[in-house]
Every structure is written in structure tokens, then in C-alpha cells.
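Hello,

Here is the structure to look over. My notes follow below it.

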Amino acid sequence: MGSSNAATAINDCDRENVVRVDDMMLKCVSVILETEANTVWSCRDMQAIGQPYYTLLIVTDREIARVLVSAFAASEKETGERAYLRSFLWGEDICYLFPYRRERRLADFAAGQITNPTISEEICVNILLACMESSLPYPLLFLEFEQELVHVEKDNSVYLTTDFDVSKLDASIDESDCVVRCARTMLDILNMNRKKRLKSRKLLSRKIERQAYARFSEVYHDIKLTVLAEKKMSILRRFFKFCGVHRDRIFRIILVLSVICFVLALVMLISYLIFGDFGLGKIFGHSLNTIGTERLNVK
């Protein structure tokens, strides 16, 4: 059933919280998810140095298990890489072991991290890279977005976790479905900062509407192209673009400065008409009359 180690023997299983498989003793730390089709544990290998954490996907639904075995086999054949660390039978259930990553969900943390448009584009590029580097079958990759299993680090790098609810698995999902779903998530990220008119957002939105994307490489090409175009812009052109984008704010600043200058000029004029001298001249006059040990215009 599945890969070369899919039927690894299991000895002395404690069905409650421990699975022994070959040289590993996987002890359940917490049940992340439990559905009619599968259970997901976070667990530790109690026999390994440092007792590393893993995510264990236990598939209890036989039909979904068959779909998963087939999907993983097809993905491995296409990418040349296995998406999981190992798979094995536990009683009548099939289990898949993955590396464990702590949660830092994109949906929860992205808005707080995106302080400027450049960060939103950086996160989008990293989402694409995470998908392109993943060897997960497309039906599971689709669930990454549907079930909000995409995570972002503080440095804006992106990673995927594997605590799937496989009862939602759709075997007909292919790369084009994943690409469109991923592109919509990217568009949500770019829309978190609407103050700047991003070319990447405009291009992505237009192509999603036309259903023009079929491969991740096409989206990556478009977003990198628009981001690089921004970076290659000359300093003078960037200045004029900045002025164009922030023209309302710049106008307000100039207006305030103009009003301040007008008020100062009016005060100085009134001071001159009343006292025969500028008010500011009196403030600085004494300091200008004395230079070192010499005094000027002293009567």
C-alpha cells in the first residue's frame, strides 16, 4: 500500500497514545485534529536523541486512504521526492509521518507584519516558492489554502503544515486548481495594503478573472516581473512616482508650511509698522551685535 515502507511492521502499539514503528517510539503530545476520516497527532520520538517532534496523520477512512496512497505515488513519480518522512500501517489504518512545525498562520499574522507594500509582495513570492518546492500531491496542496495551513515567519518566509482534515479531499484537484486558489490568497495579501497602486495586484487580479493561470511558474514569472520592474526604476522616476502616489499628503504639508510662512510674514509686517523694527530682529539683534570680544553698533 503506497511506497516502499508503507507496510512497515508495528510492534507493541498502545492505541491510546504510543506507536512503535521500527526504531521509533512515537508518543502523542496532543491531538491536533480528529474527524471521521482521520486523526492528526503532534508527537515525539521518545527513542531519538533530543526527542524531536513530528506530525502524524492517521487515516481511518479506507476509501480516502486509497486515494491518498495513489496521490502520493503519483506526486513522488512526478517530483522524484516523497512528501512524507515515512508511512506505515497501524492496524487497519494507514499513517503518514511529517516534520512538525509550530503554527504561525498566515491568516492571523500577515496583517500585522505587512507595514508596507514591499513586504506584501515578498510574502507572495515566498508563498509561491513554498508551493513550488512542495512535493505534496495537488489535492493536499489545495487543502493547505482551504484549511489555512499556510504559515508565515517573522522574516516573511512561508511554510506549510500537514494537519489536514482529509475528509475534504478531492481527488480531481490538479495544478491549475491549486494555482488559482494560491493566487487568490496572494491577492488577499496584496489587498492588505491598498495605499499603493501595485502593478502585481492589478496584473494578478486581471489574470485570475480571465482564469489565465495553469501553472505556478506562470504566477511566479508575473509577480517577479512586476516586483523587479519597480526595483529597477530610476531614482528620479521613483521620486516622481512617490510624489504622484502621495500627492494629497504632500499638498497638505505644503499648504501648512505656506500658512505658517504667511503668518510669520504678517507678524513681522505688523511689528515693523508698530515698532519700526522686525520682531525677530529684536530676538536675535543682541547676539548679532557681539562677535567674540568686539561689539558692533554700540551707542
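Asn38 is buried, at a relative accessible area of 0%. (Buried means under 20% relative accessible area, exposed over 50%, and partly exposed in between, with a 1.4 Å probe and protein chains only.) Before going on: this is a predicted model, in which local features need pLDDT of at least 70, side-chain atom pairs count only at pLDDT 80 or more, and totals for chains, interfaces and linings use all residues. Residues are numbered from 1 along each chain as its sequence is written, and side-chain values use heavy atoms, with hydrogens and water left out.

Asn38 belongs to strand E3 (residues 38-45). Helices (H or I, at least four residues) and strands (E, at least two) are DSSP runs, numbered from the N terminus. The Asn38 side chain comes to 3.1 Å from the backbone nitrogen of Val166. That is a polar contact: a pair of N or O atoms within 3.5 Å; within protein, one must be able to donate a hydrogen and the other to accept it, and residues adjacent in sequence count only if both atoms are side-chain atoms. Neighbours within four places in sequence aside, Asn38 is in contact (heavy atoms within 4.5 Å) with Leu33, Leu57, Ile58, Val59, Thr60, Phe164, Asp165, Val166 and Ser167.

**Strands**

E3 pairs with strand E4 in the antiparallel sense, over seven bridges. Two strands pair if DSSP finds at least two bridges between them. Val40 stands opposite Leu57 in E4. E4 is mostly covered, with six of its seven residues buried. E4 also runs antiparallel to E6, joined by six bridges. There, Leu57 has Tyr96 of E6 as its bridge partner.

E6 (residues 93-99) also pairs with E5, antiparallel, over five bridges. Leu89 is opposite Ile94 in E6. E5 and E6 make a hairpin with two residues between them, and Gly91 in the turn has a positive phi of about 65°. Strand E5 (residues 86-90) is largely enclosed by the rest of the structure, because four of its five residues are buried.

Helix H1 (residues 62-79) has 18 residues, which should span 26 Å at 1.5 Å a residue; its end C-alpha atoms are 26 Å apart, so the two agree. The expected span is 1.5 Å times one less than the number of residues. Asp61 caps the N-terminal end of H1, with a side-chain oxygen 3.1 Å from the backbone nitrogen of Glu63. Just after H1, Gly80 has a positive phi of about 80°. Buried in H1 are Ile64, Ala65, Leu68, Val69, Ala71, Phe72 and Ser75. Their cover includes E4 (53-59), E6 and H4.

Helix H5 (residues 175-190) has 16 residues and reaches 22 Å from first C-alpha to last, close to the expected 22 Å. Its buried residues include Cys178, Cys182, Met186 and Ile189.

Which residues touch the most other members of the largest nonpolar core? Of its 34 residues, they are Ile123, Ile127, Met186 and Leu204. Helices H2 (106-113), H3 (117-133), H4 (138-146), H5, H6 (199-209) and H7 (216-231), and strands E7 (150-152) and E8 (158-160), each supply at least two residues of this core. Another core, of 21 residues, lies apart from it, and Val40, Phe72, Phe98 and Leu169 are among its members. A nonpolar core is a set of buried Ala, Val, Leu, Ile, Met, Phe, Trp, Tyr and Cys residues joined through side-chain atoms within 4.5 Å.

Ile123 touches Leu106, Ile114, Val152, Asn156, Val158 and Ile189, not counting residues up to four places away in sequence.

Cys43 is in no disulfide; its nearest cysteine sulfur, from Cys28, is 7.1 Å away. Cys178 is in none either, with the sulfur of Cys131 nearest at 7.7 Å. Cys43 counts as buried, at 0% relative accessibility. Cys178 is buried too, with a relative accessible area of 0%.

**One exposed glycine**

Gly112 lies in helix H2. Gly112 counts as exposed, at 63% relative accessibility. Its C-alpha atom is 9.7 Å from that of Met192, 80 residues apart along the chain.

Best wishes

Definitions and conventions. A disulfide is a pair of cysteine sulfur atoms within 2.5 Å.
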